[in-house]
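Me: I have a protein chain here and would like to learn how to read it step by step. Could you take my questions one at a time?

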Amino acid sequence: SAMVKKASRLEVDDTPEAVTSYLRQRRMTDGLPVVPPTEARVAAMIDASGFDAEHVVGELAPLNSPASVEKIAINAVMAGCEPSYMPALIATLDAFMDPKMNAHGIQTTTNPVGPMIMFNGPIRDQIGINYDSGCFGPGTQANATIGRALRLMLINIGGATHGDVDKAPLGWPGKFTSVCFGENEEESP
């Protein structure tokens, strides 16, 4: 079992500008503004997960760091997720860490790759995942923030910082927020 280190607590002005600046200086964000991960916001995410904060979903490559529910929650808050997304986020990260996914290769390759997340079943409507017109574009909080939360977890838990671990020379826009959408089961032949 992986040793879980509790996330650090620190005092920073909780404005988005101050938190974003702090995280950018430490290469802990995707470059976009973040929602400050206050203790209350993180606690709401953890509560919605159905797990204890210390529960480890797995070890995320390439650092093989324990992905605890608390760390998932912190990144989910920063990405702008709603607490109801936590079960979907945990399932997403669990799927990404499946050996068949080759997380280490995806995290360290020189190719401009990023994961694609597709949901099916009732979760799509329960948390508002777009699986219809425009599902690959902007406008849906669940699609955008779940994909972004995965990217932040890949950086902050897995250690895939651009340039020294993530070796993609040019990257691509899908690395800001992993492509996230729902399967349109109702229209599928």
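Me: How many helices and strands are there in the chain?
Reply: Helices (H or I, at least four residues) and strands (E, at least two) are DSSP runs, numbered from the N terminus. From the N terminus on, the order reads α-α-β-β-α-α-α-β-α-α-β. The chain therefore holds, by that DSSP rule, 7 helices and 4 strands.

Me: Before we go on, what kind of model is this?
Reply: Residues are numbered from 1 along each chain as its sequence is written, and side-chain values use heavy atoms, with hydrogens and water left out. Local features need pLDDT of at least 70, side-chain atom pairs count only at pLDDT 80 or more, and totals for chains, interfaces and linings use all residues, since this is a predicted model.

Me: What radius of gyration does the chain have?
Reply: The radius is taken over C-alpha atoms, and the globule rule is 2.2 Å times the number of residues to the power 0.38. Along its principal axes the C-alpha trace spans about 50 × 35 × 35 Å. With 189 residues, a compact globule would come near 16 Å, and the chain agrees, at 16 Å.

Me: What share of the residues counts as buried?
Reply: Buried means under 20% relative accessible area, exposed over 50%, and partly exposed in between (1.4 Å probe, protein chains only). Of the 189 residues, the buried share is 46%.

Me: Among contacts between residues at least 6 apart in sequence, what share joins residues at least 24 apart?
Reply: A contact means heavy atoms within 4.5 Å. Counting the contacts between residues at least 6 apart, the share that joins residues at least 24 apart is 72%.

Me: How many salt bridges does a search of the whole structure find?
Reply: We look for a side-chain nitrogen of Lys or Arg within 4 Å of a carboxyl oxygen of Asp or Glu. Arg9, Glu39 and Glu70 are linked in a network of such bridges. The search of the whole structure gives 6.

Me: Is arginine 124 buried or exposed?
Reply: Arginine 124 forms a salt bridge with glutamate 185, the closest N and O atoms being 3.5 Å apart. Glutamate 185 is partly exposed, at 33%. Arginine 124, at 3% relative accessibility, counts as buried.

Me: Over which ring does the charged end of arginine 124 sit?
Reply: A charge sits over a ring if NZ of Lys or CZ of Arg is within 6 Å of the ring centre and within 35 degrees of the ring normal. Arginine 26 lies over the face of tyrosine 22, at 3.6 Å from the ring centre. For arginine 124, the ring centre is 4.0 Å away, and the ring belongs to tyrosine 131.
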